[in-house]
Amino acid sequence: MSTLNDYLLHLADNAVVLGQRNAEWCGHGPVLEEDLALANVSLDHIGQARLLYQHAAAVIGGDASEDKLAYFREPHEFRNYTLLELPHRGPLVGYAAADRDYATTIVRNFLYSALMVMVWDKLQSSSDETLAAIAAKSLKETSYHLHHARDWLIRLGDGTEESHARAQAAVNHLLPYTEEFWTSSEAERAAVAAGVGVDVPALRADWDALVNETLAEATLTRPDFQGYITEGKVGLHSEHLSFLLGEMQGLARAHPNASW
Amino acid sequence: MSTLNDYLLHLADNAVVLGQRNAEWCGHGPVLEEDLALANVSLDHIGQARLLYQHAAAVIGGDASEDKLAYFREPHEFRNYTLLELPHRGPLVGYAAADRDYATTIVRNFLYSALMVMVWDKLQSSSDETLAAIAAKSLKETSYHLHHARDWLIRLGDGTEESHARAQAAVNHLLPYTEEFWTSSEAERAAVAAGVGVDVPALRADWDALVNETLAEATLTRPDFQGYITEGKVGLHSEHLSFLLGEMQGLARAHPNASW
Amino acid sequence: SEQEAAFEARIAADGRIEPQDWMPAAYRKTLVRQISQHAHSEIVGMLPEGNWISRAPSLKRKAILIAKVQDEGGHGLYLYSAAETLGTGRDEMLEGLHSGKAKYSSIFNYPTLNWADVGVIGWLVDGAAIMNQVPLCRCSYGPYARAMIRVCKEESFHQRQGYEALLVMMKGTEEQKAMVQDAVNRYWWKCLAMFGPPDADSPHSAQGMRWGIKRISNDDLRQKFIDATVPQAKVLGVTLPDPDLKWNEARGHYDYGQIDWDEFWNTVAGNGPCNKERLATRVKAHNDGQWVRDAALAYAHKQQERAIKEAA
Amino acid sequence: SEQEAAFEARIAADGRIEPQDWMPAAYRKTLVRQISQHAHSEIVGMLPEGNWISRAPSLKRKAILIAKVQDEGGHGLYLYSAAETLGTGRDEMLEGLHSGKAKYSSIFNYPTLNWADVGVIGWLVDGAAIMNQVPLCRCSYGPYARAMIRVCKEESFHQRQGYEALLVMMKGTEEQKAMVQDAVNRYWWKCLAMFGPPDADSPHSAQGMRWGIKRISNDDLRQKFIDATVPQAKVLGVTLPDPDLKWNEARGHYDYGQIDWDEFWNTVAGNGPCNKERLATRVKAHNDGQWVRDAALAYAHKQQERAIKEAA
């Protein structure tokens, strides 16, 4: 039960953290249609997070709730992929200043949704029926996210010289973080063993094919990887998450007894 | 007593908010020497804030303390000038992304320290002896801040074409916020009446002379002003302060019973 | 002329003018100005509420807020489309906004300072907007009228959501109640000013009325808004910050105090607390997005060329 | 040569080499590499701790932290100066850092994830650095030795401050204690690696020893650090995350477990969790500051020209 829970939180934290990031574009998008599209993606993620937290809260019992789980856990208790907490820009420390880069946003959304269409697809046959139902709903949403991000990645890669350079830089920056997909955490292994979860490393070949095919169409190259494999899903994050959560949780925590 | 306190908090909040802003350059300055100089300015401000909050806490009594005042008041309870809470950049909403602009930093430090050398000078003869002592110490520090900011403002104004344009833009952006200096809040009037505070509007001619003379030497022009006069010192702030305080206060508030 | 007579007859009969119909240049110009100003208001209006998305205190409220701000963007989109049917492109309209030539609703030049501002904007600002906009659903220009029907439907939904959020807060902690009251204090008078200057000082109204673009006077709309809002404020348990506000049995309406029109005009003229920030933020988003739009365009051209080559 | 003999004699007699003295090219090169690497470490080292300045949980701790990070910048400044006495300019050294050719201490490629990290960096990282640096106060190159005396004095102060901050936290709430333990768990092994590879695998050490640049071996320093730190950890009440750590009566030292050298070398090679971010952040600060440095230079030139004109 505790590992099921850990697994649900991994899925939920992924959704809430990326939802929070994508919403940062609201009012600042490169064109009005993209403002709406990213708000949509963000809304879907927040919606997925709510369902997953509600399910996790039911599993945990007691006074656990959707908002307790989202707002009253510390950064090291979050189980999201490190990839999803990174700011919309190149590699800079958390408190450095820099503008948002749309290429970073699009590349991340692509890399993640390319995985999640496969994950949600498999999770539709999870032995946890609630999770299976959430997966069916999320799959539809995520297919749209993938479609949106893939289209833009191709436009940016095969667009102008500048957009190509930015897209390539974002790919170089973010692709190493996807290595975290292919390690197996204890929670993931237990969830797989229980028939609840997906064996993500087994999806690698399909994911690689989709990524390679898309990068090729976008006239982008796939960088070699060597180095550190992030461990956000076991609670070891980058310096960025505590800033993201500090902003997200601050108001709720200032009024711990309030209902909204 | 409550207005004295409001006046002390105005001085203290000014110091802590600008101290927080200047410290944002730490590790990111345009040249190592400036990293050190701005850290120094920030340290002085935090030091001034501590003395002023300690004094205010003594005046308030009860369980008031330096950190209670700095960390456990809401944005609308802060009494700092709006000028001091603005980010290091041009006019953008709080959650827009943009890089720090050193010209903005320097111009703000100049405009504020030009006022505060005069304020601290007068406050040395405050009827509140503790405040008078703080003023004597702060005057020395602020003289250095003014010296530093003035030198750089001249360098930037009379430097390259780019630095001139940036300095002028920062002057245009920030000067309207200094109008708040010349209105009198109830707390200020009461402090003046009690012999505790300074009649700031009476310093205007001297301040104008210093600003005009410096801008002239920096080959910059002083923009006309018309429009909204900010009211941070009576608790009506810009959208930026709640972000600044959210970051500053978050950790302390997450552990309200902790000592550090 | 014959065309002019036909136009006037259609207006007189309360009929709809459609894009392909002949219309006087001044009518076209007035509509483009009004519709694009309305569209700009939606886009700029995303910023004050957007300010709180990252900090919404529950996931439910976060989702509601994102959806609401997204709806505003959507309104902007179909209002720009409605204006485009009059022959003015979106780029041209945006250029008007970014250069400061075109206006947007002045209410968005005030800051959102606490979370309750989000609810109060829903309740009062959207409430006032609806009062202004419902008559536009019967506007003489077809595309605008149809856009407004959709806008009003969604705005009503937002207004109810805002009010509901405030109801929950007013049943909460003392701090929550204080937030709501603080937000109401800051927004009440600004919302009354949203209906525009008193009828006596309102230059455009007469022609607008004759053309069926405007249908109810500023003062009448304002009175209607106040009469509708006072009882809601009572249910909510907040005090509207006007000592002169009281029921006038003889008029059958609420009397109310003096609006600070100097402040209003000053803000319209560009000198409100957030005018510079709002506009600069829009301009920056547009400029920062240039390379993205360029990329999309370049890619579309390449695709076209490829299609031609394949066809050849 | 005669010069070489004089140099060797000075070294043998434990005397100081000064900037104007003759020295072998390899000695000069080794020193520039080591001192600039040390300076870079100070500058990059400002980032992990700087990460918490804005969020320090009390004004006292905020002031202490700003002062500490400022001291690190100061160390960088006089280490660059010491290296400059060897004929290499600061710009050239920075170019080495920014291009990735020059190294800096690998410990700064790990993230600071909670507030206790700041205290633990003071206690353990600065503690390890001091162990490494105290012998350098007797280094054969005069300017470096003198810089190190000042650096070590300030670092000792930082170390005590860090330890004191942790003592306060360990007397605090359960959450505070958990933060400290978490930080110690993440930093302990990285600190042991700070002394460099085991003596058997350390190529530069022998020559460094002979030249009086290095005076104690990596393994000896590491052992000294462990022996000094274990009792401090006990007083503090934290567990050092090494099951093999225990007192060896026979050796008169603590035994300890295996350091993960693969991880160490991987991070040194650029593949640690924060290498890219640290370097990119320094490069960005430098690039963003270009216009400021240009302005200062342009202004200085103008002033010079004006002085010449006035003199003429």
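In chain A of this predicted model, the mean positions of the 19 positive and 36 negative charges are 2 Å apart, where Lys and Arg count as positive and Asp and Glu as negative, His and the chain ends not being counted, and where the place of a charge is taken as NZ of Lys, CZ of Arg, CG of Asp or CD of Glu. Residues are numbered from 1 along each chain as its sequence is written, chains are lettered from A and ligands numbered from 1 in the order in which they are written, and side-chain values use heavy atoms, with hydrogens and water left out. Because the model is predicted, local features need pLDDT of at least 70 and side-chain atom pairs count only at pLDDT 80 or more, whereas totals for chains, interfaces and linings use all residues.

The secondary structure of chain A comprises nine helices and zero strands, helices (H or I, at least four residues) and strands (E, at least two) being DSSP runs numbered from the N terminus. The radius of gyration of chain A, 18 Å, is close to the 18 Å that the globule rule gives for 260 residues, so chain A is as compact as a globular protein of that length; the radius is taken over C-alpha atoms, and the rule is 2.2 Å times the number of residues to the power 0.38. Along its principal axes the C-alpha trace of chain A spans about 55 × 40 × 35 Å. Of the 260 residues of chain A, 65% count as buried, a term that means under 20% relative accessible area, with exposed meaning over 50% and partly exposed in between (1.4 Å probe, protein chains only). Contacts, defined by heavy atoms within 4.5 Å, are such that residues 24 or more positions apart account for 80% of those in chain A with a separation of 6 or more. Chain A exposes about 8,600 Å², of which carbon and sulfur atoms supply 53%; accessible areas come from the Shrake-Rupley method with a 1.4 Å probe, and for residues only the protein chains shown count as cover.

Chain C has a secondary structure of 13 helices and two strands. Its radius of gyration is 21 Å, close to the 20 Å given by the globule rule for 312 residues, so chain C is as compact as a globular protein of that length. The C-alpha atoms of chain C fill a box of roughly 75 × 50 × 30 Å along the principal axes, and 56% of the 312 residues count as buried. In chain C, residues 24 or more positions apart account for 76% of the contacts with a separation of 6 or more.

A:Asp158, in the loop between α5 (129–157) and α6 (161–174) of chain A, counts as buried at 6% relative accessibility. Leaving aside neighbours within four places in sequence, A:Asp158 is in contact with A:Glu217, A:Ala218 and A:Thr219, and also with C:Tyr299, C:Lys302 and C:Arg306 of chain C. A:Thr219 is itself found in the loop between α8 (204–217) and α9 (240–254) of chain A; it is partly exposed, with a relative accessible area of 41%, and its phi is near 55°, a positive value in a residue other than glycine. In chain B, B:Thr219 lies in the loop between α8 (204–217) and α9 (240–254), has a positive phi of about 60° although it is not a glycine, and counts as partly exposed at 40% relative accessibility. C:Lys214, in the loop between α9 (205–210) and α10 (218–236) of chain C, is partly exposed at 22% relative accessibility.

Within the helices, B:His145 of α5 (residues 129–157) in chain B is buried, with a relative accessible area of 4%, and touches B:Val41, B:Asp44, B:His45, B:Gln48 and B:Ser113, residues up to four places away in sequence not being counted. D:Phe225, in helix α10 of chain D, is buried at 2% relative accessibility, and its contacts include D:Leu124, D:Met131, D:Trp188 and D:Phe195. In helix α11 (residues 261–271) of chain D, D:Trp261, D:Phe264, D:Thr267 and D:Asn271 are buried, and their cover includes α8 (174–193), α10 (218–236) and α12 (275–288) of chain D. An α-helix has 3.6 residues a turn, so residues three or four places apart point the same way.
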